[in-house]
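Please look over the structure below.

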Amino acid sequence: MTVSIASLPPQIQQRYNAKLLSTPEHNLIHQLFATPVELPDNQGFIDRQSRYDRLDLFEVPLDDAQNNPPPQQLNRVDVDCRVRVYATYIVLTRQVTITNEDPVLNSAAARLGQSLRETQDALQRDNLESSASIINCVGGTNGDIPTEMTISDVDDVFTVLQNNSGEYITNIVEAELRFGTSPIGDAYGCMLTTRMIPVLYNMTGFIKKFQYPNISQTLSTEIGGANNVRFFVSEQGSVTPNASLLGNDIANCFVAAKEAYKVVWQAGGKARFIYLPPGYNNDPCMLRHTAGCSFYQGQCITNDLWIQNLRSTGI
Amino acid sequence: MGQFPYGFVASGYYTSDTTAKNIALPDRPDKFVLYDRTNWGAATTAVAAMQSFWFRGMAAGSYLQIGQISAAAASNYMYGAQGTSGGFTFIDQTNPPTFAKVAVTAVNGTTGVVSTGTTTGLAVGDWVRLINITGAQELSGPIAYQITAISAGVSFTLGYFATAASAGFSVSNGTTGYYQKVYPGFMYPSKQYVIGITQATQAKVYFPRQNDFTVGEMVDFQIPSSYGMSQMSNLTANPKGNSNNGNPPGPARVLQVINSSTESSIVLDYDTTGFTAFAQPTSASFAGGASPATCFPAGSGVVPYGASSTVIGSATIPQSPPGTNLLDAFDNRAQYVMNLGTSVVGANNAVMYWEAWRGDNFNDVSNA
């Protein structure tokens, strides 16, 4: 009679492979162009920065009487940003950590770190979505308002930022003698959802990152460029559901110039991992660990002229 | 942790006026209970919402309830009940619930009355978007309008829009399309869609829902040329003087904020008398390609003095020495909210006590 595993099964039928599977992690793009500001401790929870407005030009010469001209008014705008506290944690029984083969607390720390960074990024995304001014894409042909993004829409938002004296984020990527490549102009940065990738790839004039003459000055989140805008994508890019004229989802594509918005961190409240062993938190029998994280953050637009929400459908 | 099946989240009380109410919470609850402290055991008073319950996993708007009938009606004073609308809806403002679109049969471009066969789930104060409104496409799209009145199963009224319309910013009547209930964002201050700007030495700006601007705040605009008054766009870039109608340089300062039950507006320290008149684009013009008119925060300014909050300026922040506005700081105001519908909010003038609880080890998987 044949002996098979039906009659002689292995005593141990399962092996634990200690090499962990990857966890999906979102691209972090919304802080890329934010000006980082540190709020010192013991100085309140609102960070105020100020900007003095431009003065008029004075092209008319003084006449021969040489009288003093009327003075100009110096005006200042203050921009306030409130810092808030964010925290989360995991509770693990001691039984978990002493019976699992895997070092569960290590994974808890990794996941908390990911959650923290993605939260910081999402806060900035929500700030931009809430406060930035809007330009609808209108160059497309899908019959909706906004339409899908086209090169004319990219040029429109570029023109708005240029009219508003916005400074470029990146410098020109010069042409090189490489087949199939194209130079990239001085550029503003655009942060948008990965759902926009098909729209970008269909856009006339869009240059994929691998067609850049030189990719040494790029990030993994960058997907390409078009004229004077470079595009950075994230799975948690901003989408407003059902908000188009026809009720379709809208991608909020934030096009930023330099110093358009900022992120404020409290000096004593930067990202922190907190582990408490069993015995804390009303745990007299020492049954539970906790692993937590916290951070302090504020975010705001510092100059409304230099960030535009270019909205597109087609996603 | 580990001591009780539920941890206490928060509690409080309010006096009911029978309208829907939002309760802000510091955490997500697993259980929410409401008690009528006034009418409990008052044998001559029949009250449906004597005690109402919500447990995690229940559908939005649903509820469990203990009601009380009057002593004269029967010998059983308390009874159990449940419902699927007008009850509890838990809202995480960072991830609000979504709603299906509902057909619209007409939109009045002057009165703001939206005719529809279904108003289920709507309450005064809710926000709706209008979608593909034939004949009035300028109303369609991203704008969140606030509801000010409801005729059940017949129509609802966009009173803030109607106030702007009566100030000269009406649009053509629309016919078919859809509405969809939405929740606006939670970051403060948020941009507002502009539905009217007066030509005045102190311009008034109308919005379709309550606004969160504050007196002394600086605001800027994006007014596409199809709306007329494009001189209001990108004020932050403006120099001072005659090149800008004699207005101060930079963005416009808010002198007054109005958030009544039917009007949402701000009055600006900005002269628009010489500007092109503001007018909503035609339906065809908007559908042909336009961006919405928006007003957005641009900074903080000196707070003007006023006699009360309902007249120009602020009664609480003095001008001398110059008052500074900290209320307009960019902020994250997201909350966990339990919305209490009209079926559970309580009888008129009843003092309602509420409790929120969170399960220490919530588990919706059975052991079977």
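This is a predicted model: local features need pLDDT of at least 70, side-chain atom pairs count only at pLDDT 80 or more; totals for chains, interfaces and linings use all residues.

Residues are numbered from 1 along each chain as its sequence is written, while chains are lettered from A and ligands numbered from 1 in the order in which they are written.

**Chain A and chain B**
- Chain B puts 50 residues into the contact and chain A puts in 49 residues (C-beta atoms, placed from the backbone, within 7 Å).
- On the chain B side, E23(B) gives the most, with 6 residues.
- That side of chain B has 21 nonpolar, 22 polar and 7 charged residues (nonpolar: Ala, Val, Leu, Ile, Met, Phe, Trp, Tyr, Cys and Pro; charged: Asp, Glu, Lys and Arg; polar: the others, Gly among them).

**Domains of chain A**
- Domain 1 spans 35-51 + 77-129 + 263-301, and domain 2 spans 137-262 + 303-312 (bounds from an automatic or database domain assignment).
- Their C-alpha centres lie 31 Å apart.
- In chain A, 13 residues of domain 1 are in contact with 11 residues of domain 2.
- H2(A) gives the most to the domain 1 side, with 6 residues.

**A sheet in chain B**
- An open, antiparallel sheet has 4 strands in the order E9-E10-E14-E13 (strands: DSSP runs of E, at least two residues; helices: H or I, at least four; both numbered from the N terminus).
- Strands E9 (106-107) and E13 (149-151) of chain B are the edges.
- E9(B) and E10(B) are joined by 2 bridges (pairing takes at least two DSSP bridges).
- B:Val107 has B:Val114 as its bridge partner.

Conventions
Two residues are in contact if their C-beta atoms, placed from the backbone, lie within 7 Å.
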